[in-house]
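Here is a short briefing to read alongside the sequence and the 3D view. Take a moment to turn the structure around, then work through the points below.

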Amino acid sequence: MRGPDRALIALAALAGLLGVAASAAAAHRPGDGDTLRIAGQFLLFHAPAVMALTALGAAGLVRGSAARIAAGALLAGLCLFSGDLATRALAQHALFPMAAPSGGLLLMAGWIGGIVAAFLPARA
């Protein structure tokens, strides 16, 4: 497995860790816990997808470069979307205007990238 693949898997594991932490914190926050819970859920839902895309690409079952781009888009989208929601819940301000919608678009682009990677022939 190449260095970029290892980095993507490590970042996906970090997303999973942060998802568990955000979910636990949300369970103990009165009032605005729903926003933090959503951030945690998105992290937990997408972490395995990033790992799977990366592993499938590294194994040569899908086009590796397309899978890495899709996984990167998912991670960038998570940073913006979940990061904005968590910042809103914990610090009462946004990361920057339109961070969450931009992250959501990147998440959707990552899923589209996964579709593309599945249909591109894998390189020998």
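A salt bridge is a side-chain nitrogen of Lys or Arg within 4 Å of a carboxyl oxygen of Asp or Glu. Please keep in mind that this is a predicted model, in which local features need pLDDT of at least 70 and side-chain atom pairs count only at pLDDT 80 or more, while totals for chains, interfaces and linings use all residues. Residues are numbered from 1 along each chain as its sequence is written, and side-chain values use heavy atoms, with hydrogens and water left out.

**Salt bridges**

- How many salt bridges does a search of the whole structure find? The search finds three.
- One of them joins the side chains of Asp5 and Arg68, at 3.2 Å from N to O. Asp5 lies in helix α1 (residues 3-27) and Arg68 in helix α3, so the pair ties together parts that are 63 residues apart in sequence. Helices here are DSSP runs (H or I, at least four residues), numbered from the N terminus.
- Asp5 is buried, with a relative accessible area of 2%. Buried means under 20% relative accessible area, exposed means over 50%, and partly exposed is in between (1.4 Å probe, protein chains only).
- Asp84 and Arg88 also meet in a salt bridge, at 2.7 Å from N to O. Both lie in helix α3, four residues apart, which is about one turn of the helix. Asp84 is buried at 0% relative accessible area, whereas Arg88 is partly exposed at 41%.
- Arg37 and Asp34 form a salt bridge of 2.7 Å, N to O. They sit three residues apart in helix α2 (residues 33-58), about one turn of the helix, and Arg37 is partly exposed at 31% relative accessible area.

- Helix α3 (residues 64-91) has 28 residues and should span 40 Å at 1.5 Å a residue; its end C-alpha atoms are 38 Å apart, which agrees. The expected span is 1.5 Å times one less than the number of residues.
- Gln92 follows α3 and belongs to the loop between α3 and α4. Its phi is positive, about 60°, although Gln92 is not a glycine.
- Met98 lies in the loop between α3 and α4, and this residue has a positive phi of about 70° without being a glycine.
- Most residues other than glycine have a negative phi.

- Ile112, Ile115, Val116, Phe119 and Leu120 make a nonpolar surface patch of about 510 Å². Patches are made of residues with over 30% relative accessible area and no salt bridge: like charges are joined within 9 Å, and nonpolar side chains (Val, Leu, Ile, Met, Phe, Trp, Tyr) within 5 Å. Accessible areas come from the Shrake-Rupley method with a 1.4 Å probe, and for residues only the protein chains shown count as cover.
- Phe119 lies in helix α4 (residues 99-119) and is exposed, with a relative accessible area of 70%.

**The loop between α2 and α3**

- Ala59 is found in the loop between α2 and α3, where it counts as exposed at 54% relative accessibility.
- The C-alpha atoms of Ala59 and Ala122 are separated by 9.7 Å, while the two residues are 63 residues apart along the chain.

Terms used:
Helices (H or I, at least four residues) and strands (E, at least two) are DSSP runs, numbered from the N terminus.
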